Amino acid sequence: MELYISTIKEFIQKGEIVDTIIDNLHLIHDNKDSREYVINRISDFLNTLQDDLTILVETEYVDKVYRDSYYTLYSTKLREYYRNCVRISFFTPEFNEQTEITVENIEKIKNAYRGFLVLRPLAECCIGRNVISPSAKNKRYPSMRICKASIPSTCMGIKMRVSGFPHSSQDGEMMSCAETTVWSILEYFGNKYSEYRPVMPSDILAALKPFAYERQLPSGGLSFEQISSALKNQGFGCKVYEQTNPMFQELFTCYIESGIPLAVCIQTKEFGHAVVCVGRNETNRTVIDSAGTINIMGGNYYVWNNSIEHFIFNDDNYPSYQHTTFKKPTAYYNSKDWDSGKITHFIVPLHPKVYLDGELAIKASNYLAIRKLNIPEMSVIRTFLASNRTYREYIMRNPDMTEEAKLVYLQIDMPKFVWVTEISDKKSFLNNKVNCLILLDATGSNIDNEGYSSLLFYQKRDVGTFFNKKNRWFENIPLSLPSLFEAFNDNLK
Amino acid sequence: MKKFISFNELATQKKVQVIPMDSSDVKEFNLYMKKAARESSKNSQRANSTASNAYLTR
């Protein structure tokens with residue numbers, strides 16, 4: 001293995017580092033045009049990053065994902081594909097050619113780390129596994145709020161972590177866009193939660209074997225149903241939504257606000273494509289004005305989940321974190337072929353114990369807000385799913401809650417996930433504050449014809465409504481709870 | 001050992017009036033949720049039947 005240090009700028013300006021990388025990739029064909037093609041692919045990726053970033057190039061890198069594809073497919077071919085990859089690690093300029101690799105500098109190097117990119121020895125599809133911190137993207141990218149997992153890696157013997165969403169380009173034979181979508185979602189959850197595990201491409205093939213009526217290799221893509229089956233096979237309780245659902249975009253936003261990455265099906269006139277929606281643009285709360293109000297049960301209300309139009313997608317044909325709108329999900333292709341692309345379905349990889357889905361949670365909380373809490377018209381409603389742990393931490397750290405109030409909230413019985421509806425008057429909403437709160441039990445359900453079985457708690461001004469286990473009914477208790485407190489913003493980072 | 005005060009104990013300590021939540025809308029809420037669940041099932045059926053036709057290759 002050899003190590004080289006350079007900068008993105010040097011690569012873009014076709015410096016010495018370019019030939020070093022291409023030579024060490026050991027592509028199956030070596031000619032001027034093949035090299036140029038690969039250089040352009042890498043340049044397209046690097047051009048999305050800040051050009052003053054330092055790059056550390058590591059040759060003969062063993063990438064677990066490519067190695068799995070290699071032994072499943074590429075090693076079985078007559079032409080000799082190379083087993084190893086090249087890895088590029090990215091650092092802020094604080095780490096540069098002059099930085100000495102000493103124990104004293106370990107923390108400095110760790111702090112400068114912004115992610116990595118594995119280059120596969122495949123000309124057409126050289127962009128392999130990568131995780132990039134959004135802060136490394138250049139000014140053409142907006143500020144974003146996305147689902148982030150802390151992904152471990154090592155570089156020069158230093159254990160590093162990068163916070164971002166896993167991405168890879170498809171290799172076309174082992175993984176199409178559909179398998180890449182499944183892989184990246186599982187890579188995200190597997191690195192973030194102990195209940196899940198990251199999977200290799202061959203695991204995805206094995207999981208889908210019972211559903212395949214045709215050979216699986218080379219991959220000809222998957223149906224959206226098969227993507228859902230592959231995710232279900234890894235322990236998710238998937239929910240699929242389709243474009244004719246009247247709440248389609250509202251639900252899409254609601255799940256993104258819940259910090260859940262979505263497998264998204266895009267159909268053009270000619271073909272289908274799968275991408276992952278990983279978050280949204282940083283959005284000013286005044287956006288509710290442009291979206292306007294919506295009539296719910298006879299009254300007009302602002303709905304945050306109907307106000308968001310700009311989302312961040314990981315598309316395996318492009319570098320990570322492409323920003324576009326819900327209505328034009330393929331706008332960044334700037335191509336006639338892709339112009340007609342629209343979102344027709346999305347899959348939500350829910351925790352298997354989330355029985356109450358977004359559609360019913362929104363409807364139940366709307367009923368409670370309007371009929372029980374009698375919220376005034378023109379209020380702003382914001383519904384999302386939160387884990388018990390994250391929500392309790394938010395309560396614990398809330399600057400507007402007294403110690404007494406925090407103890408009250410913290411002792412409400414909650415399952416692993418809760419549906420939260422924050423209701424604010426417009427002025428409070430713009431100041432990131434909440435006036436009324438509804439908590440629903442995500443393990444609840446309406447199947448037993450007990451609408452109230454999902455209700456955990458609601459609060460109007462300083463009065464809380466709690467479930468009394470002894471009486472098996474709810475009680476309104478005026479406990480001087482805060483009537484204006486900071487909103488929850490911890491699902492997207 | 002110290003037990004943190006619960007909301008019920010706090011209500012007793014503060015001598016506030018605890019009122020059972022009005023249950024007059026139980027039937028209305030159940031019907032509302034039943035209707036919502038029926039609509040959700042229809043949406044699910046449509047989503048599942050069309051998901052097999054969406055073939056993703058690019």
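Arg46(B) and Glu242(A) form a salt bridge, with the closest N and O atoms 3.9 Å apart. A salt bridge here is a side-chain nitrogen of Lys or Arg within 4 Å of a carboxyl oxygen of Asp or Glu. The pair crosses between chains: Arg46(B) sits in helix H2 of chain B, and Glu242(A) in strand E10 (residues 237-242) of chain A. Helices (H or I, at least four residues) and strands (E, at least two) are DSSP runs, numbered from the N terminus.

The two partners differ in cover. Arg46(B) is partly exposed because its relative accessible area is 35%. Glu242(A) counts as buried because its relative accessibility is 8%. Buried means under 20% relative accessible area, exposed means over 50%, and partly exposed lies in between (1.4 Å probe, protein chains only).

This is a predicted model, in which local features need pLDDT of at least 70, side-chain atom pairs count only at pLDDT 80 or more, and totals for chains, interfaces and linings use all residues. Residues are numbered from 1 along each chain as its sequence is written, chains are lettered from A and ligands numbered from 1 in the order in which they are written, and side-chain values use heavy atoms, with hydrogens and water left out.

Over all chains, a search of the whole structure finds 25 salt bridges. Side chains of opposite charge can pair when their charged atoms come close.

Arg87(A) pairs with Glu58(A), the closest N and O atoms being 3.0 Å apart. Arg87(A) lies in strand E3 (residues 85-91) of chain A and Glu58(A) in strand E2 (residues 54-61) of chain A, so the bridge ties together parts 29 residues apart in sequence. Arg87(A) is buried, with a relative accessible area of 3%. Glu58(A) is buried at 8% relative accessibility.

Glu257(A) and Arg382(A) also meet in a salt bridge, at 3.8 Å from N to O. This pair links distant parts of the chain, 125 residues apart: Glu257(A) is in helix H9 (residues 248-257) of chain A, and Arg382(A) is in strand E18 (residues 380-387) of chain A. Glu257(A) is buried, with a relative accessible area of 4%. Arg382(A) is buried, with a relative accessible area of 4%.

A further set forms a network. Asp19(A), Asp23(A), Asp30(A) and Arg35(A) are linked by salt bridges.

## Charge on chain B

Lys34(B), Lys35(B), Arg38(B) and Lys42(B) form a positive surface patch. Patches are made of residues with over 30% relative accessible area and no salt bridge, with like charges joined within 9 Å. Lys and Arg count as positive. The place of a charge is taken as NZ of Lys or CZ of Arg. Lys34(B) is in helix H2 (residues 26-51) of chain B. Lys34(B) counts as partly exposed because its relative accessibility is 38%.

## Cysteines

How many disulfides does the structure hold over all chains? There are 0. A disulfide is a pair of cysteine sulfur atoms within 2.5 Å.

| Cysteine | Nearest cysteine sulfur | Distance |
|---|---|---|
| Cys238(A) | Cys265(A) | 14 Å |
| Cys254(A) | Cys147(A) | 13 Å |

Cys238(A) counts as buried, at 17% relative accessibility. Cys254(A) is buried, with a relative accessible area of 0%.

## Backbone geometry

Most residues other than glycine have a negative phi, and most peptide bonds are trans.

The peptide bond from Leu217(A) to Pro218(A) is cis, with omega near -10 degrees. Pro218(A) is in the loop between helix H7 (201-208) and strand E9 (222-223) of chain A.

Asn334(A) is not a glycine, yet its phi is positive, near 45 degrees. Asn334(A) lies in the loop between strand E16 (322-325) and strand E17 (342-350) of chain A. At a relative accessible area of 74%, Asn334(A) is exposed.

Asn374(A) has a positive phi of about 45 degrees, although it is not a glycine. Asn374(A) is placed in the loop between helix H11 (358-372) and E18 of chain A. Asn374(A) is partly exposed because its relative accessible area is 49%.

## Lys342(A)

Lys342(A) is in strand E17 of chain A. Lys342(A) counts as partly exposed, at 43% relative accessibility. How far apart are the C-alpha atoms of Lys342(A) and Gly259(A)? They are separated by 22 Å, and the residues are 83 apart along the chain.

Methods: Patches are made of residues with over 30% relative accessible area and no salt bridge: like charges are joined within 9 Å, nonpolar side chains (Val, Leu, Ile, Met, Phe, Trp, Tyr) within 5 Å. Accessible areas come from the Shrake-Rupley method with a 1.4 Å probe; for residues, only the protein chains shown count as cover.
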